[in-house]
Amino acid sequence: MPSATKADFAGRCIVVVPCLNEAEHIGALLEKLGAEARRFDLKIIVADGGSSDGTQQIVAEIMRNDPRVILLHNEKRIQSAAINLAVATYGDGHDYLIRIDAHGKYPDDYCEKLLNEAAATGADSVVVGMATEGFGTFQKATALAQNSKLGNGGARHRHGAKGHWTDHGHHALMRISMFREVGGYDEGFTHNEDAELDCRLKAAGARIWMTDKTFMVYYPRSSASALFKQYLGYGRGRAKNLLKHRMIPKVRQALPLMVLPVVAGVFLAALNWWAAVPAALWMGICLGYGVWLAIGERNPYGPLASVSAMIMHLAWSTGFWLQLFDSRRRGDTP
């Protein structure tokens, strides 16, 4: 099959890279994106939230040799604001935006595949499957956990699936006119902003296509404290989303909700040892799954992956309950 050209696609596109302290990854990422940018005349906007690790200097150096790369200051720092700002500033005259996470890895033809899928399906949004990959010991264990049902609950955009119409997936490409019609990302969300936007997209009649033609690879947090903080935010974001749209949690979301109450029950074990049984069962299931990963998949990181999964479960559950309590205290709950 001959290589696609810009003429094969139904419109112009901007690529938006929300970024904050990504000096370790941004250079290689922009180098890879640059090849497709030259082929399809794509504008690459790095919306930086005030990096202090040299990220801006790396981008500035690349800009000297590639006029398609633009550095945009995102004073609000968060990803939702970064993309909104990039679209508001550079979206006119373009049909699509492609969202790229700086903390990830992409195939060489990632943008081409997304644009092809948008043209072939007429979708308002094209989402992708996501795999996780690590380097250090803890990161590799966390990647194993996040790629397993123990860590992702069987989410289809985590496992990947045949191309299909869906309600949600990892954001990749979006039609700018539809993005603007629904008001873009809600900047009140520091996490889970993608799922919240998908709720409004579906309500507006937008069609979301999960492609099986491409995917992205995500690099997880490399320490237990960073992982806990990340999933604490995810839990808060999910609760905020459910409250905003008055939704009922799915089973894979409801099960982790019980982790914080279960763990809290351990403190009642001094009164009755039965109070510690639910927590022991949860830990046993997680550790058992880790052993199965080690034996069944011959992955030596299996036992440590179970620890990463427990951190994610507890942090997500804690964040969810904290957001519920905060919302009720402020009178935000319906």
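This is a predicted model: local features need pLDDT of at least 70, side-chain atom pairs count only at pLDDT 80 or more; totals for chains, interfaces and linings use all residues.
Angles under 35 degrees count as roughly parallel, over 145 as roughly antiparallel, 65 to 115 as roughly perpendicular, and the rest as oblique.

Residues are numbered from 1 along each chain as its sequence is written, and side-chain values use heavy atoms, leaving out hydrogens and water.

First, the helix pair. The axes of helix 1, residues 26–40, and helix 2, residues 55–65, come within 10 Å and cross at roughly 30 degrees. Helices here are DSSP runs of H or I with at least four residues, strands are runs of E with at least two, and both are numbered from the N terminus. The axes are lines fitted to C-alpha atoms over the stretch in contact, and angles run from 0 to 180 degrees between N-to-C directions. Helix 1 and helix 2 are therefore roughly parallel to each other.

Next, two loops. Where is Asn21 found? Asn21 is in the loop between strand 1 (13–19) and helix 1. Its phi is near 55 degrees, a positive value in a residue other than glycine. Asn21 has 34% relative accessibility and so counts as partly exposed; buried means under 20% relative accessible area, exposed over 50%, and partly exposed in between, with a 1.4 Å probe and protein chains only.

Arg77 lies in the loop between strand 3 (69–73) and helix 3 (79–90). Arg77 also is not a glycine, yet has a positive phi of about 75 degrees. At 45% relative accessibility, Arg77 counts as partly exposed.
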